[in-house]
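Colleague: I have a structure open and some questions about it. Can you walk me through it?

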Number of protein chains: 4
Amino acid sequence: MQATYEALCADGYSDLTAQRIADRTEMSKGSLFYHYDSVDDLLASFIEYLLAGYGHRAEALDGFPPEERLAAYVEWWFDISTAEGTGHHTAMLELRAQAPYNELFQEKLRESDEALRDTLVDILTAGIETGAFVDHDPAIAADFLLGAFVGARVRHFTLGRATYSEHAYEATREYIETEILTPETTYPDEPAVTFPPDERFADTGDEHAVPSGAEQDDRTEAATADAASEHEDTE
Amino acid sequence: MQATYEALCADGYSDLTAQRIADRTEMSKGSLFYHYDSVDDLLASFIEYLLAGYGHRAEALDGFPPEERLAAYVEWWFDISTAEGTGHHTAMLELRAQAPYNELFQEKLRESDEALRDTLVDILTAGIETGAFVDHDPAIAADFLLGAFVGARVRHFTLGRATYSEHAYEATREYIETEILTPETTYPDEPAVTFPPDERFADTGDEHAVPSGAEQDDRTEAATADAASEHEDTE
Amino acid sequence: MQATYEALCADGYSDLTAQRIADRTEMSKGSLFYHYDSVDDLLASFIEYLLAGYGHRAEALDGFPPEERLAAYVEWWFDISTAEGTGHHTAMLELRAQAPYNELFQEKLRESDEALRDTLVDILTAGIETGAFVDHDPAIAADFLLGAFVGARVRHFTLGRATYSEHAYEATREYIETEILTPETTYPDEPAVTFPPDERFADTGDEHAVPSGAEQDDRTEAATADAASEHEDTE
Amino acid sequence: MQATYEALCADGYSDLTAQRIADRTEMSKGSLFYHYDSVDDLLASFIEYLLAGYGHRAEALDGFPPEERLAAYVEWWFDISTAEGTGHHTAMLELRAQAPYNELFQEKLRESDEALRDTLVDILTAGIETGAFVDHDPAIAADFLLGAFVGARVRHFTLGRATYSEHAYEATREYIETEILTPETTYPDEPAVTFPPDERFADTGDEHAVPSGAEQDDRTEAATADAASEHEDTE
DNA sequence: TATGAATGAGCCTTCATTCAT
DNA sequence: GATGAATGAAGGCTCATTCAT
């Protein structure tokens with residue numbers, strides 16, 4: 001599983017082969033097929049492994065006030081975009097893109113997404129109950145936010161523009177402060193909890209060449225600054 | 001190009017082969033290589049073809065009041081999610097997922113995304129100028145919204161959940177109404193303009209088996225309803 | 001290796017394909033690529049195999065008097081032209097012709113040629129020392145003779161004229177007797193040693209249609225006889 | 001024809017394609033096939049073109065004394081090895097290597113070789129008649145010499161060792177002086193005639209990378225010097 | 001005549017999968 | 001359990017040749 005993860009991050013899904021996985025293992029390719037019926041089967045196990053354990057870590061937030069939990073959730077999401085390498089996110093997206101062609105992938109991704117979504121809905125619901133959050137439809141807010149998170153990451157990594165994540169983060173905070181939190185609640189700048197990261201995905205140092213970069217952002221800055229010149233703090 | 005598009009929608013990027021493309025043509029595979037140096041070359045041309053023409057269509061909104069333009073933009077985005085088939089969106093996502101491995105893809109996607117973003121920034125800037133929109137940083141709002149759109153679509157198609165798009169649409173409207181529009185501006189329900197669709201991508205009727213579906217949404221409904229049971233209109 | 005040799009002799013270098021080689025094997029073409037990274041890699045191994053073992057066989061001459069060694073060398077060279085099939089020599093020539101385009105081929109051929117040349121230089125030097133050969137520059141004589149041998153064979157097989165080899169042999173003997181050997185040394189007609197042949201290249205019986213032939217030689221006879229009519233035994 | 005020649009020298013026989021030839025022409029590939037039934041047909045015409053015209057040029061020697069003619073012949077042969085580029089000789093050898101597989105090639109090469117041979121036999125015969133040359137079998141000597149010439153060139157270009165040609169030239173002169181010429185005849189150092197070169201093959205400047213080189217010869221020198229250390233003038 | 005386009009056979013190579021040991 | 005070897009299907013690409021215009 002770990003070897004698969006590494007191969008995935010290093011080469012990407014489309015270049016993932018049984019041999020490449022075996023190469024990161026003590027085993028031979030033949031053994032792989034002794035343990036798994038097929039590459040698809042291996043990948044099925046892998047996806048299970050990959051997406052498991054979220055629930056457990058999510059419980060770390062239990063018992064904290066909703067606004068703390070929400071902040072931890074948001075910070076975690078954007079931290080990951082920064083912490084994990086490009087290889088990780090790129091590979092994950094490839095996996096996602098395969099879902100429509102792969103019943104099982106979709107199912108597992110659905111479970112994973114649902115866990116993520118349930119956590120958020122749960123936090124929002126709890127906040128409404130405690131009065132920390134204004135009354136609203138948590139499902140709708142959750143889908144909006146989750147979409148915004150996913151989309152920010154997708155744009156960040158497919159286009160190689162870290163700014164997109166940063167902007168999304170800023171706007172998310174503002175959205176939460178003005179649309180979710182009640183006036184008397186404040187978004188905690190000093191977090192009381194943090195969502196525990198998945199230490200299985202500690203940097204493998206195995207990323208492929210990172211295709212984005214600061215200098216490329218210049219163009220964005222320029223273009224943006226142009227369009228929004230009369231505004232003080234563009235970025 | 002059209003054959004490539006069809007093959008892409010039907011089989012997905014990872015199953016796209018010269019033969020599959022040729023099969024949707026009067027030509028032989030050999031002819032493909034007469035016209036294009038390689039499959040990559042063909043794909044390069046295709047991506048250009050695919051993403052071209054946006055600017056021209058975007059001009060259709062010129063001259064209308066910012067709130068009209070914004071509404072048209074939003075409606076267009078979510079309409080496409082509905083109008084184009086699953087195959088289309090799935091294939092586009094696969095293309096996106098290849099971008100980190102393919103300089104050219106990324107470049108073209110970047111151009112395309114930038115055009116999209118510029119349009120939105122332009123609309124927002126114009127709205128601030130006319131006083132239709134509250135003062136804010138258009139770049140940040142644009143990246144947030146674009147991310148939300150992209151993410152909603154990604155979740156919709158990779159998880160097979162149309163609700164996600166719908167929820168995102170609802171929340172987007174609310175976000176725009178309370179965060180972007182000034183109190184005296186209203187989101188136009190009867191659009192004065194609509195963003196013209198790209199008629200090259202009229203339904204090819206060629207989609208692969210649609211893996212999502214209403215019956216699966218049932219589970220979502222249930223799960224959501226559970227978590228948000230005290231709220232009236234979850235979906 | 002043997003299959004490669006056979007395919008080479010049968011079809012020639014330019015028609016050598018992985019499939020053709022595999023066909024002369026129990027294996028499938030796929031297996032070839034399991035054992036060799038590429039056709040070039042296979043060919044590299046083959047060339048090594050082909051040209052190896054000369055040194056070992058050359059030692060068989062050690063200890064004999066220089067004139068015996070020289071005779072054995074010469075007889076061996078011309079015997080081979082007769083013993084190995086046309087296919088063999090033709091294929092070897094094609095390999096040679098590839099050398100300028102193929103670093104590795106050239107290197108191996110160079111090694112092989114050098115071994116051949118060193119042997120000859122060694123024999124000549126030894127003969128000068130023992131006084132069996134007149135004093136001369138062995139390097140120059142060796143290159144002259146080796147060239148004459150190579151050229152005779154090339155003419156023989158590319159033009160399909162066995163006579164050319166035979167004439168060259170006769171003239172070579174005369175050259176050696178009058179230019180190399182001292183008056184008191186005689187070219188041994190009954191050889192004390194013979195250079196051992198390479199039994200790996202025993203007739204494969206797999207030759208392609210031999211394009212030369214006796215009837216064609218008729219023309220040669222005629223033409224030659226014409227030009228040299230006053231001489232008794234032209235052929 | 002000239003385009004074919006250039007393509008041949010530039011890319012070699014095995015990389016010769018109709019397209020490559022057409023590229024060096026004003027014509028399109030299609031036109032090539034209008035004028036020639038097939039690539040083989042074109043090549044047949046080319047070989048005819050290539051090898052024609054020798055007889056005409058050979059006549060330039062007529063009327064001169066045999067020793068002059070012989071010297072002109074020899075010098076011409078070795079001059080060509082120097083004058084024409086590696087590409088030329090390499091390609092010619094490839095053509096030769098194809099002869100056993102190609103009836104027509106062989107026939108044309110045979111004609112060409114025969115013309116070459118007849119010239120030499122003719123010179124030798126004339127010399128014997130005038131008493132400039134010792135009595136010998138001209139056919140045998142011609143085949144020996146021609147073979148030595150061919151072989152020297154083959155070794156020179158396939159192994160990338162110019163020394164081999166030079167040595168062969170030196171030994172050839174010595175052979176001629178002591179074996180062919182009568183004591184009272186001298187090999188003319190200042191040639192009265194020169195064999196006219198074929199100006200169609202003026203340097204095309206189009207050679208592929210020359211694979212031989214002086215620094216490589218060092219190894220040969222060393223090895224040779226070692227074996228022939230007690231001789232004054234090795235090279 | 002000339003040509004751009006088209007074609008099909010064939011080549012090298014990759015890879016999931018099988019299997020004897 | 002494990003593995004090295006083997007395999008066949010498929011993919012990208014090349015090229016001589018054909019053909020409508």
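Modeller: Copies here are superposed by least squares on the C-alpha atoms of residues with pLDDT of at least 70 in both. The model is predicted, so local features need pLDDT of at least 70 and side-chain atom pairs count only at pLDDT 80 or more, while totals for chains, interfaces and linings use all residues. Residues are numbered from 1 along each chain as its sequence is written, with chains lettered from A and ligands numbered from 1 in the order in which they are written.

Colleague: What rotation superposes chain B on chain A?

Modeller: 179 degrees, with 0.0 Å of shift along the axis and an RMSD of 0.2 Å. The two copies are thus related as by a two-fold rotation axis.

Colleague: Switching to C and D. How many residues does the contact take from each chain?

Modeller: 56 from chain C and 58 from chain D, where contact means C-beta atoms, placed from the backbone, within 7 Å.

Colleague: Which helix of chain C supplies the largest share?

Modeller: α9(C), with 18 residues. Helices are DSSP runs of H or I, at least four residues, and strands are runs of E, at least two, numbered from the N terminus.

Notes. Contact = placed C-beta atoms within 7 Å.
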